[in-house]
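Trainee: I'm new to this one. Could you take a close look at the sheet with me, and at the aromatic rings on it?

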Amino acid sequence: MNELSQSIEINASPEEVFRTVTDLPAMGRLSPENTGGEWLNGATGPAVGARFKGRNANGAKTWTTTVTVVEFSAPSTFAFEVNVGPAKVARWAYAVEATPTGSRVTESWTDRRSALSKWIGGKSSGVARRDEFTVQSIQTTLDNLKNTLEQPQ
């Protein structure tokens with residue numbers, strides 16, 4: 001398993017940051033690949049065990065994944081695991097901590113795919129080198145989060 005993480009300082013309260021990163025239906029405004037989705041089985045928001053169907057796009061390629069929330073402790077910890085059918089794909093996590101000027105946010109990704117799943121995923125998503133793509137994806141998501149939350153209201 002490969003793990004990546006990056007952090008950013010944001011001039012916003014941990015509560016504001018946490019509310020934004022846990023709003024999975026609106027994640028498309030932050031992520032370069034996820035375009036949103038919907039909560040499943042009566043869930044209306046994040047909670048441990050809640051499931052979410054995410055929509056993703058990369059160029060002309062589109063696909064869906066199923067997400068299960070595995071950690072939720074407002075306003076500091078949010079993690080979910082991504083599967084495509086029975087195949088494990090990834091674990092995404094956000095850690096939010098208060099700083100003197102707002103918050104420090106760390107986004108982490110753990111690749112949970114088998115070698116075969118990596119090959120299939122590269123074909124279906126158009127991203128052959130997922131590790132390299134994810135480094136940029138995390139940075140873009142964090143930059144967009146910072147820009148969104150630091151805009152004058």
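Mentor: Let's start at one spot in the sheet: Val-67 stands opposite Val-82 in E5. Before going on, a word on what you're looking at. This is a predicted model, where local features need pLDDT of at least 70 and side-chain atom pairs count only at pLDDT 80 or more, while totals for chains, interfaces and linings use all residues. Residues are numbered from 1 along each chain as its sequence is written, and side-chain values use heavy atoms, with hydrogens and water left out.

Now, the strands around that spot. Strand E4 (residues 61-73) and strand E5 (residues 77-84) are antiparallel and share seven bridges; strands count as paired if DSSP finds at least two bridges between them. Helices (H or I, at least four residues) and strands (E, at least two) are DSSP runs, numbered from the N terminus. E4 and E5 make a hairpin, with three residues between them. Phe-72 has Phe-78 in E5 as its bridge partner.

Go across to the next neighbour: E5 and E6 also run antiparallel, joined by eight bridges. Their hairpin has two residues between the strands, and Gly-85 there takes a positive phi near 60 degrees. Phe-80 has its bridge partner in E6, namely Trp-92.

Zoom out a bit. The sheet is open, with seven strands in the order E1-E7-E6-E5-E4-E3-E2 and antiparallel pairing. Its edge strands are strand E1 (2-10) and E2, each pairing on one side only. From one strand to the next, the twist averages 25 degrees. Helix H1 packs on this sheet and touches E1, E4, E5, E6 and E7, with its direction at about 165 degrees to that of E6. Contact here means heavy atoms within 4.5 Å; axes are lines fitted to C-alpha atoms, for helices over the stretch in contact, and angles run from 0 to 180 degrees between N-to-C directions.

On to the rings. Rings of Phe, Tyr and Trp (its six-membered ring) pair if their centres lie within 6.5 Å; planes under 30 degrees apart are stacked, over 60 edge-to-face, and the rest tilted. That rule gives six aromatic pairs. One of them is Trp-39 with Phe-52, edge-to-face at 5.0 Å centre to centre and 70 degrees between the planes. This pair links distant parts of the chain, 13 residues apart: Trp-39 sits in strand E2 (residues 34-39) and Phe-52 in strand E3 (residues 51-58). Trp-39 and Phe-52 are both buried, with buried meaning under 20% relative accessible area, exposed over 50% and partly exposed in between (1.4 Å probe, protein chains only).

Then there are Trp-92 and Trp-109: their ring centres are 6.3 Å apart and their planes at 45 degrees, so this pair is tilted. Trp-92 is in strand E6 (residues 87-99) and Trp-109 in strand E7 (residues 102-111), so the pair ties together parts 17 residues apart in sequence. Trp-92 and Trp-109 are buried too. Phe-72, Phe-78 and Phe-80 come back here, forming one aromatic cluster with Phe-18.

The chain averages 87, and 84% of the residues score at least 70.

Note on methods:
pLDDT = per-residue confidence, 0-100.
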